[in-house]
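Try each task before you read its solution.

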Amino acid sequence: MTGEPRIGDVFGELLRDTLAVATGIGPRPLAGGRVPRPVIEIIERDDGLINGAPAAQYLDGPQEWQPHDHRAVDRVRGTTLDIGVGAGRIALLLQERGVPVTGLDVSPGALAVCRRRGVRELVHGTVDEHAASGRRYDTFLLLGNNLGLLEGRERAPAFLAALAAMANPGAQVIAHGTDPYGTRDPVHTGYHEQNRRRGRLGGQLRLRLRYRELATTWFDYLVCSPDELADLVRGTAWQLADIDNRDAPYYLATLHLPG
């Protein structure tokens, strides 16, 4: 016993258990050995802040989505890569609409849940690894706040270059982000200032995920303003074409590749 969690596929394990609780099929966490226990995703920030969120949201159908999710999928065109596919909620709707969609994720367990739910085309790996596959796409989706996969100033150019390497002429990226700077909560404003003193973007989070006895390794996840995103995109192959902030502080960013 070390007192430290074991490194493992946190996201895959919690999605597997979430699906088991929702369907009643398979092993699932029980309260008192009898009642299914809601699955909670624990998010730990490097300053000690702990947040939790119900994992059931990853299984939500379109009737439970936020308006910006619907506007995002309505913009999809052509062959699509759903990056960070999770439990497959977006990919399943696109399949129903006849869109050729591939789900990409680094979590083997998440991909297993996607398969059980009916997602047909799946890839295990990072965008950098998949860029070497020769596959080409017209639309890249970074939904569920997955604009955060840009990580920060250091990682964003390489991430966007990997997308460009897989892009057909005129391709687009549709990304969901959150502007972090509307809050007055000192827990968050203080963290923003600490980040800036370290030369990082204010909303550049250092996180790990926890579930039961498992944890991920620490990773960066970017929460940035539209102006910061514009700075990150400048000088890459992509152009920032549109910011839809009708659901502020959430926004949809659309990037275009000139073709």
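**Exercise 1. Find which residues of the largest nonpolar core touch the most other members.**

Step 1. A nonpolar core is a set of buried Ala, Val, Leu, Ile, Met, Phe, Trp, Tyr and Cys residues joined through side-chain atoms within 4.5 Å. Buried means under 20% relative accessible area, exposed over 50%, and partly exposed in between (1.4 Å probe, protein chains only).

Step 2. The largest such core has 32 residues, and Phe 140, Leu 150, Leu 163 and Trp 238 touch the most other members.

Step 3. Elements giving two or more residues to this core include strand 6 (80-83), strand 9 (137-142), helix 6 (156-165) and helix 8 (226-233). Helices (H or I, at least four residues) and strands (E, at least two) are DSSP runs, numbered from the N terminus. With five residues, helix 6 is the biggest contributor to this core.

Step 4. A separate core has 20 residues, including Val 73 and Leu 252.

A word on the model: it is predicted, so local features need pLDDT of at least 70 and side-chain atom pairs count only at pLDDT 80 or more, while totals for chains, interfaces and linings use all residues. Residues are numbered from 1 along each chain as its sequence is written, and side-chain values use heavy atoms, leaving out hydrogens and water.

**Exercise 2. Work out why the pair of Phe 140 and Trp 238 is edge-to-face, and which parts the pair ties together.**

Step 1. Rings of Phe, Tyr and Trp (its six-membered ring) pair if their centres lie within 6.5 Å; planes under 30 degrees apart count as stacked, over 60 as edge-to-face and the rest as tilted. The whole structure holds four aromatic pairs.

Step 2. One of them joins Tyr 137 and Phe 140: their ring centres are 5.9 Å apart and their planes stand at 65°, so this pair is edge-to-face.

Step 3. For Phe 140 and Trp 238, the centres are 6.1 Å apart and the planes at 90°, so this pair is edge-to-face.

Step 4. Phe 140 lies in strand 9 and Trp 238 in the loop between helix 8 and strand 14 (239-244), so the pair ties together parts 98 residues apart in sequence.

Step 5. Tyr 137, Phe 140 and Trp 238 form one aromatic cluster.

**Exercise 3. Decide whether Tyr 137, Phe 140 and Trp 238 are buried or exposed.**

Step 1. Tyr 137 has a relative accessible area of 0%, so Tyr 137 is buried.

Step 2. Phe 140 is likewise buried, at 0%.

Step 3. Trp 238, at 3%, is buried.
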